[in-house]
Amino acid sequence: MKTLSCSKLTKTYGGQTEGVLALNSFTYSFPNKGLVSILGKSGSGKSTLLCLLSLMEKPTAGKVYFKGDDINALPDKAKNRFLRDETSFIFQHYGLFDKETVLENVILPLLMKGYSRKKAIKKAETILLRFGLKGFARREVATLSGGEKQRVAICRALIKKPRIIFADEPTGALDARNGEEVMKMLSSASKSALVIMVSHNKELVEAYSDRILHLKDGKLVSEEKLKTEEGVEEEKTNTGTSSFWVLRFFAKYLKEDFRRNILTGLSGIIGCLSILLSFGYLTCSKEAMQRKRGETLEYLSANISKKEIINYGNSPVSLSREKRPTIEEINDRLGSLNYSVHPDYSVFFPLSPLYGFDNEEYSDVSFVSIYDSSLEEYGKNLLIEGEASLEQGICYVNDVFAKSHPSPIGKEVVVDLTVPLDNGFIHDEVKIYYRFAIKGIIGEFSYMNTPKVYYPYGLVENELRKTILENHSENLGKKINALDALELGLANENSKKVFFHDPNEMDLVYNKIKEENNIVISSNAFMVFDSFSSLSEAFSLCLWLLFAISLFGVIGINAMSFLSLFLKRRKEVALLFSLGAKKSEVMTPFLLESGLASILYCLLSIALFYPLKVLFNLLLQNYFGIGDLIDIPSFGPSVSGPVFLALFLAINVFIALFSGSMPILFSLRKGLRKELRDE
Ligand code: ADP
Ligand code: MG
């Protein structure tokens, strides 16, 4: 049986009907040994024939048989074996790895076959010596002359002792002396293998060939048999295979692409950091705000009023007004909670009265009420200075107050007011004089940055109860104190004050209010928080945008970077395939490179994320009063912080591997000839 033969081999380029018929029904049985030359004018289909025989292209019709098997129908593994173990290809332009040494180039086919490096080097030295290239072993290929390069290429082709050697115009780029040299080498190789050589140098061909095939317009027109030399087919021992050589390529790629990988890494870090930071805010800020929400003493008090809708007959216009609710109405709504109801005496004690401090007069703070035991029960952990006390006549200030009035503890806040109570006919004056000793400073969420004085509500309430309104009493014929005046509607006050003892109950109440419509509960702390939350929502929207942009950025950077790495090496890749490397072997160095790069920049971003998180949180703390809005991204307990980071790393690496491998997979479909075409 002939080792290599083909029947009706046909190749059309660019469409069956109007395409170029490069090879037209070529049928031939090659001898098992000897030098078979293919002669023909340029464009007659010589290279096409070699490409079809060496699996670089698929035929449009017809078959190539190797040892009786249709090679195009073989599984990938067998195709690899055919290229790796049975054949070698010699290109007109050498097809060597230019930046490698001669030795590395020559031993590669042996490494692919599973030889140890040591053994491969020994064999390579022998063959280099045989062809007069001994001194070249450690030279970089790029520094060699054309003739030397081609001789090295032939050494690489011969070292694995292939059964068939394809050579496409191996002397085409060489001068006469070097051409002669190359022909001698091929001729000597043809003693033990089949050499199929394409050439248009008639003289050389006639001097060395055993047979000459003449091609014209893709057709075999004649065959000359110069010498008859038919060897018997030798059974070759099947050698092993190894993939370790790819690690060398990985190292080579890393070295060659160092700068590019650094740049990719930098952009990757920027992208990853934006993703982590925006995600860190988007997934963690809500919870942080929830935690902060109760962080003010003001949070425990609220005003309650009743809403009344007044309709005018059939008119579509209706008015709403607020009224003071009765205790029963309040109990009806909040019955199950722990709270106490008090009159709202803000007509007598305005929110921002004039006050004295350190012998000066100011009016820049809000006087906010606390239930007398609030601090003792709940506010203790908000104290940043001073102590919780149940003494009479004390007050607390917040940290904003302490900024404008340094070291306030122990000093007094004095409120001295005279409030007229006048219903048009009867006139009374309510005199208020209080001295509050500052006992402590409250550190609280202060989005609006207002200075505050917290005073005990009950104390003032008692004093007002003792304040008798003489003229009103006389008019009504009974003793009327300032608080009674509120109940009787003598003062224009339409809400009641409620104090809660537990911040969780406040949350319940506020969730409840949203559904109710006739009882209105309002709290300054809650409003401040609501407006902060809306601000944060708007901010989140921007961050989603940033997040989307960075995500596409990272994917794009990966894809572009790894695509360009591949494009740079497509010729090398094709060369490896033609040497019989497996798909996985060719891809591995690329995948390792892109995987390693992405792992590195991803880990670096994670490491950088921590200090940046602290920095940004500090900024937010300064501007908004909440410091821990950015944290390690997490989606509840199922995807906690560490899980998120691991997922992030995995997704990143996946994106990198995916974009790193796509180009190779795509280019495999197109065939190798385009990449390896000799210019
Ligand atoms: P030779 O090697 O004998 O000079 P080729 O085998 O390279 O000739 O080309 C044979 C014919 O096929 C030529 O006309 C060439 O233009 C055409 N051809 C080769 N490769 C392609 C291709 N990839 N696409 C279209 N036409 C091609
Ligand atoms: Mg050609």
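Start with the contact between α8 and α19. On the α8 side we have Trp-245, Val-246, Leu-247, Phe-249, Phe-250, Tyr-253 and Leu-254. They meet Glu-585, Thr-588, Pro-589, Phe-590, Leu-592, Glu-593 and Leu-596 of α19. By type, the residues of this contact split into 11 nonpolar, 1 polar and 2 charged. Keep in mind that this is a predicted model.

Now the geometry. Helix α8 covers residues 245-256, and helix α19 covers residues 583-624. Their axes come within 9 Å and cross at roughly 45 degrees. An angle between 35 and 65 degrees counts as oblique, so α8 and α19 are oblique to each other. The crossing of the two is right-handed.

Next pair: α5 and α6. Here the axes come within 10 Å and cross at roughly 10 degrees. The cut-off for roughly parallel is under 35 degrees, so α5 is roughly parallel to α6. From α5, the contact uses Gly-147, Gln-150, Arg-151, Ile-154, Cys-155 and Leu-158. From α6, it uses Asn-178, Glu-181, Val-182, Met-185, Leu-186 and Ala-189. This contact divides into 7 nonpolar, 3 polar and 2 charged residues.

Which residues of α6 are buried? Asn-178, Gly-179, Val-182, Met-183, Met-185, Leu-186, Ser-187 and Ala-189. And what do they pack against? Strands β3, β6, β7 and β8, plus helices α5 and α7.

Now the single residues. Leu-375 sits in helix α11, residues 374-377. Its relative accessible area is 1%; under 20% counts as buried, so Leu-375 is buried. Beyond its neighbours within four places in sequence, Leu-375 contacts Leu-297, Lys-380, Leu-383, Glu-387, Ala-388, Ser-389, Tyr-396 and Ile-442. Leu-390 is 15 residues from Leu-375 along the chain, and their C-alpha atoms are separated by 8.5 Å.

Last one: Asp-502. You'll find Asp-502 in the loop between β22 and α16.

Definitions and conventions:
Residues numbered from 1 in each chain as written. Chains lettered and ligands numbered in written order. Predicted model: local features only at pLDDT ≥ 70, side-chain atom pairs only at ≥ 80, totals over all residues. Heavy atoms only, no water. Buried < 20%, exposed > 50% of the residue type's maximum accessible area, 1.4 Å probe, protein only. Helix = DSSP H or I, 4+ residues; strand = E, 2+ residues; numbered from the N terminus. Contact = heavy atoms within 4.5 Å. Axes fitted to C-alpha atoms, helices over the stretch in contact; angles between N-to-C directions. Parallel < 35°, antiparallel > 145°, perpendicular 65-115°, else oblique. Left-handed = near helix turned anticlockwise from the far one by under 90°. Nonpolar A, V, L, I, M, F, W, Y, C, P; charged D, E, K, R; others polar.
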